[in-house]
Amino acid sequence: MDIVEAEADTGIGTRTVPAGDGEREPHPSDSLRTFGAVVQALREHAGLSRGDLAAVVRYSKHTVESVELGRRMPDEAFIERAEEALGNTGALRRAARHLSRGEVGLAAWFRRWARLEREAVSLCTYECRLVPGLLQSEAYARAVLEGTIPLRTDGELEELLAARMERQAMMRDRPKVPFSFIVEEHVFRRRFGDAQAMRGLFDHVLEHSAPRNVTLQVVPLEQGLHPCLDGPVRILETPTGQRLGYSEGQENGRLISDRKEVSLLCQRYETLRSQALSPNESGALLERLRGEL
């Protein structure tokens, strides 16, 4: 059952999305919606109903409707048959080149947070389990995904991997947005693959944490206990100045907007930031770990 504690002034509440929720359907991307609108406009111009077009392209009326509403990625056969049926102008073939599946490959409970991330004016991440997704090398991300249960098909793995790598583009594309990461040292000591794969991970993390807007701090093993031991946490600030939090566990995630709760998360994060190694010290530690391989 969903748990919602809505705030009247924001419309964003604290929510846990269970596995199997209907939101597992891919969230329509702008390109899917645009392509669907073009199909609908050409169909109506041709004087065809959805049922008429369905008969011509040899797909169900439901499929035609789903494509027009941006809910479904059309396959090549649909595009070609619709192109021929709707005037053969080339518009659908050209539009199809720009189609993307939006948020497919992201867990249902993470999609809402991922949408907020893209508009945030600052992002903070504390991780004690894995290298944060925004800093993962492709080999590391693949190893993580291959180890998940239930097992995935090769196609599903590639889709998940592509989505994870695509998320990292926002760090490159938003050089004025501060990204802060605090990661436990033991996360970087956990081995995967061979020495070359581990060195690739360290190189990737060091490269992606080098820009001036990115700060990476490592919590050393000798630090001991600290305020964030309840688990991973993410905090972002929206363009309107609102701060939101996100926590994640087994098969669920929680978007947090309650001001008191978010304030506590911020206090914990800032306290841990003061206890972690400095960015320079953290970089030196990663270089040393890389050299020990």
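Contact means heavy atoms within 4.5 Å of each other, and helices (H or I, at least four residues) and strands (E, at least two) are DSSP runs, numbered from the N terminus. The model is predicted, so local features need pLDDT of at least 70 and side-chain atom pairs count only at pLDDT 80 or more, whereas totals for chains, interfaces and linings use all residues. Residues are numbered from 1 along each chain as its sequence is written, and side-chain values use heavy atoms, with hydrogens and water left out.

Helix α7 is a friendly place to start. What covers the buried residues of α7 includes α8 (154-167) and α11 (195-208). Within α7 itself (residues 138-146), the buried residues are Y140, A141 and L145, where buried means under 20% relative accessible area, exposed over 50%, and partly exposed in between (1.4 Å probe, protein chains only). Seen down the axis of α7, these buried residues fall within an arc of 130°, so they line one face of the helix; the arc is that of the directions from the helix axis to the C-beta atoms.

Six of the six residues of β4 (residues 179-184) are buried, so the strand is largely enclosed by the rest of the structure. F179, F181 and V183 point one way from β4, while S180, I182 and E184 point the other way. Two strands pair if DSSP finds at least two bridges between them. Strand β3 (residues 122-127) runs parallel to β4 and is joined to it by five bridges, with T125 having F181 in β4 as its bridge partner. Strand β5 (residues 214-219) also runs parallel to β4, and six bridges join the two; here S180 stands opposite T215 in β5.

A salt bridge is a side-chain nitrogen of Lys or Arg within 4 Å of a carboxyl oxygen of Asp or Glu, and the structure holds 16 of them. In one, the side chains of E68 and R43 meet at 2.6 Å, N to O. This pair links distant parts of the chain, as E68 lies in helix α3 (residues 61-68) and R43 in helix α1 (residues 30-45), 25 residues apart. Both E68 and R43 are buried. Another salt bridge brings together R50 and E65 (3.8 Å, N to O). R50 lies in helix α2 (residues 50-57) and E65 in helix α3, so this pair ties together parts that are 15 residues apart in sequence. E65 is partly exposed, with a relative accessible area of 30%. R43, E44, R50, E65 and E68 are linked in a network of salt bridges.

A further salt bridge joins E270 and R273 at 2.7 Å, N to O. Both residues lie in helix α12 (residues 259-275), three residues apart, about one turn of the helix. E270 counts as partly exposed at 43% relative accessibility, and R273 is partly exposed at 24%.

A search of the whole structure finds two cavities of 30 Å³ or more. On a 1 Å grid over the protein atoms alone, a cavity is a set of points where a 1.4 Å probe fits but cannot get out, and lining residues have an atom within 4 Å of a point. Grid points are joined across faces, edges and corners, and a volume is the space filled by probe spheres set on the points. The largest cavity holds about 50 Å³ of space.

Notes
1 Å grid on protein atoms, 1.4 Å probe; cavity = no way out; pocket = protein on both sides within 12 Å on 5 of 7 lines; lining within 4 Å.
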